[in-house]
Amino acid sequence: MKNEQRLRIVTAEGELSGQREAAAWVFKGIPYAAPPTGALRWRPPQAITPWHGVRDATQWGNASMQSRETCIAAGGGDPGACSEDCLYLNVWTPDHAPHRPLPVMVWLHGGGFTLGAGSLAPYSGHALAAQGVVVVTLNYRLGHMGFFAHPALDAHYADGKVVNNFALLDQIAALQWVQRNILAFGGDRHNITLFGESSGARSVLSLCCSPLAEGLFHKGIVQSAYSLPDTPRDDARHAGEQVAAHLGLSDNASAEALRALPSDAFLSLPRQVDSGPVPISGDAVLPAPMLDCFMAGKQHRVPLMVGSNSDEASVLSYFGVDAAAVVQQMRSKNRFSYQLIKWIYDIHDDALLGRNVARDMAFTVVPFIIAQAQHNIGMPAWRYWFDYVSEQARDLFPYGASHGNEIPYVFNTLDSMKPLPDFIYTAQDRQVAQGVSAWWVAFAQQASEFSYQLHGEIAWPIWRPHADLTLAMGARPQLRARLMRRRLRLFRLMMRHHVKLS
């Protein structure tokens, strides 16, 4: 196009050509590691070969291998071309040469570690960048490509160096790319906010516990992380042998034979050998389970914002959790717990009670645990509760804000998410999106280990056990004291016995 504005930026790996879109310069499809294909499948990401000349950065890179149809239906949109060659990231910057380097926000998409891409429309960085930050989104390996254990692969590592969480290593490699190159885009490599939703939020928490990620980011935002336990490495190895057997390889399959399997074969596996929506604990990337790490106070010393939505139960069927069955299990196994739960909730319809109990055990309890863990090591945490449903959609979402509903408010990309083709967002909807987005940017700009509050529409104090203040994000933000305090204290003790992957 004649009026197309282009910008060239030199990175450590080579020169890129991006383009102007609205108020930001956008660079798409930037490779941050070598393609993890062939002999590099199920290996740590390798350095990319520098290129000569100018690389066009105006087209999205490949998404990870996944069901494109499922992503379109339930994962946030069309991920585009899917391939094992998927290690690409995207950058939005309002100013590549600012007076002072700008805060950087690195987004890790959700999708149960099986779906998604950094290029999906709800994750567009334009509105965040317009508020004075550099935004990075990325693709990483998903499903069995991202999390896999098998004796034949593990045998090639020295003791204590085994890697099974390849997706987490991809995210670490992307953060290393940011450290090397973000100054060229106007970003501050000393002020990196890592944020994500669902499995992206679990990734943020996992990297807070990974010795390989320490120092690569300086604060984190955790949106709707779930309490499902990490998969023990021995269980993951057994599952890997089952996968190999299902695909025609015996228990003593070689690493070469495993790497020769077609990648699309892993997309049609039966549910019992499907990859779980959690990382693997016990390898060099995540030596101990994430929740154990936080409860022991061994997480990295970085400020965190953490919260969840009012109807997270909307997604539990994806994890195989039957909300009504949670209550039935409780009633049959522990009558006292069942009566206690009914008393705490004061809900006498088992289906609705189950929906609320499952939501809180799987999602609401996590911000409470993380905030307490942060307080225990003297690091600030801010807890939020997202409870806004757009005015024209309240009949579609009668139980509150569904899992992932906060995302287009965080990115201020409402028009990318329409429940119905002729749906219209109201002035209030757009005002809420501007407000939520501003809080995320305020965290990126203001939060430090010495912070005691964030300044925005109202003053938002850090979480402390006695006050137990949570910012409720509805039509207007308001601070709520001791939100669900009794039930969350109970679930902190109970959740490992009731929330299972099976």
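Modeller: In this predicted model, helix H12 is largely enclosed by the rest of the structure, because 21 of its 27 residues are buried. The helix covers residues 350-376, and at 1.5 Å a residue it should span 39 Å; its end C-alpha atoms lie 36 Å apart, which agrees. H12 also carries a kink of about 45°, centred on aspartate 360.

Both ends of the helix deserve attention. Just after H12, glycine 378 adopts a positive phi of about 75°.

Side chains of opposite charge can pair when their charged atoms come close. Here arginine 355 and aspartate 311 form a salt bridge, with an N to O distance of 2.9 Å. This pair links distant parts of the chain, 44 residues apart: arginine 355 belongs to helix H12, whereas aspartate 311 lies in the loop between strand S12 (304-309) and helix H10 (323-333). The two partners can be set side by side in terms of accessibility. Aspartate 311 has a relative accessible area of 4%, under the 20% limit, and is therefore buried. Arginine 355, with a relative accessible area of 23%, counts as partly exposed. The structure as a whole holds 17 salt bridges.

Terms used. Residues are numbered from 1 along each chain as its sequence is written. This is a predicted model: local features need pLDDT of at least 70, side-chain atom pairs count only at pLDDT 80 or more; totals for chains, interfaces and linings use all residues. Side-chain values use heavy atoms; hydrogens and water are left out. Helices (H or I, at least four residues) and strands (E, at least two) are DSSP runs, numbered from the N terminus. The expected span of a helix is 1.5 Å times one less than its number of residues. The bend at a residue is the angle between axes fitted to the seven residues ending there and the seven starting there. Buried means under 20% relative accessible area, exposed over 50%, partly exposed in between (1.4 Å probe, protein chains only). A salt bridge is a side-chain nitrogen of Lys or Arg within 4 Å of a carboxyl oxygen of Asp or Glu.
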